[in-house]
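User: Could you walk me through this model before I set anything up with it?

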Amino acid sequence: MDDNIKVYTFTRMQPQASDTDFLAAQSKLDAYCKENGYHIVGSAFTREPSEKMPAVMQDILTDMKSKNAELLVIPNISRLGRNTAAVAEIVKAFANEDMDIETTDGSRLSELFEPDTEPFIFRM
């Protein structure tokens, strides 16, 4: 646990999601951060479709920089988008700012994507 890690929480809800759904999702993010000793400095949510996520994430990245946050906590990777290339670009944008994205299962997206490494090819 590290109380010095400043985090920002984010989730994307379906357009038809209720405020109760949002509050439940936010509560889970808050509990995860508390469990890991993270200090929440900001939170955001959206109902925007996945194709608008690059712009939404750029706004969040800007806000995170202004608050000296170093980690974005999200429920799962699907909240960033449905297109793998677009998600990889979001992860790279965060990595370029020395920030990472973590899901509530403990996965760090920079470790999953490693955008500047050669792809691993498995031959059968």
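This is a predicted model: local features need pLDDT of at least 70, side-chain atom pairs count only at pLDDT 80 or more; totals for chains, interfaces and linings use all residues.

User: OK, how many helices and strands does the protein have, and in what order do they run?

Analyst: The secondary structure comes to 4 helices and 4 strands, and from the N terminus on the elements run β-α-β-α-β-α-β-α.

User: What share of the residues is buried?

Analyst: Of the 124 residues in the protein, 36% are buried.

User: Let's go to α1. What is its span, and what is expected?

Analyst: Helix α1, which covers residues 19–35, has 17 residues and reaches 24 Å from its first C-alpha to its last, close to the 24 Å expected at 1.5 Å a residue.

User: Which residues of α1 are buried?

Analyst: Those are Phe22, Ala25, Gln26, Leu29, Tyr32 and Cys33. Looking down the axis of α1, the buried residues fall within an arc of 120 degrees, so they line one face of the helix. The face turned away from that buried side carries Thr20, Leu23, Lys28, Lys34 and Glu35, which are exposed.

User: What do the buried residues of α1 pack against?

Analyst: They pack against four strands, namely β1 (6–12), β2 (39–46), β3 (71–74) and β4 (100–103).

User: Switching to β1, why is it described as largely enclosed?

Analyst: Because 6 of the 7 residues of β1 are buried, the strand is largely enclosed by the rest of the structure.

User: And how does β1 run relative to β2, parallel or antiparallel?

Analyst: The two strands run parallel, and 7 bridges join β1 to β2. Within that pairing, Phe10 stands opposite Ala44 in β2.

User: Now aromatics. How many aromatic pairs are there?

Analyst: The count comes to 2 aromatic pairs. One of them is formed by Tyr32 and Tyr38, an edge-to-face pair with 6.4 Å centre to centre and 65 degrees between the planes.

User: Are those two tyrosines, Tyr32 and Tyr38, buried or exposed?

Analyst: Both Tyr32 and Tyr38 are buried, and Tyr32 is also among the buried residues of α1.

User: Last one, α3. What is its span, and which of its residues are buried?

Analyst: Helix α3 (residues 84–96) has 13 residues and reaches 18 Å from its first C-alpha to its last, close to the 18 Å expected at 1.5 Å a residue. Its buried residues are Val87, Ile90, Val91 and Phe94. Around the axis they cover an arc of only 95 degrees, which puts them on the same side of α3.

User: Which residues are exposed on the other side of α3?

Analyst: On that other side of α3, the exposed residues are Ala85, Glu89 and Asn96.

Methods. Residues are numbered from 1 along each chain as its sequence is written. Side-chain values use heavy atoms; hydrogens and water are left out. Rings of Phe, Tyr and Trp (its six-membered ring) pair if their centres lie within 6.5 Å; planes under 30 degrees apart count as stacked, over 60 as edge-to-face and the rest as tilted. Buried means under 20% relative accessible area, exposed over 50%, partly exposed in between (1.4 Å probe, protein chains only). The expected span of a helix is 1.5 Å times one less than its number of residues. The arc is that of the directions from the helix axis to the C-beta atoms. Contact means heavy atoms within 4.5 Å. Two strands pair if DSSP finds at least two bridges between them.
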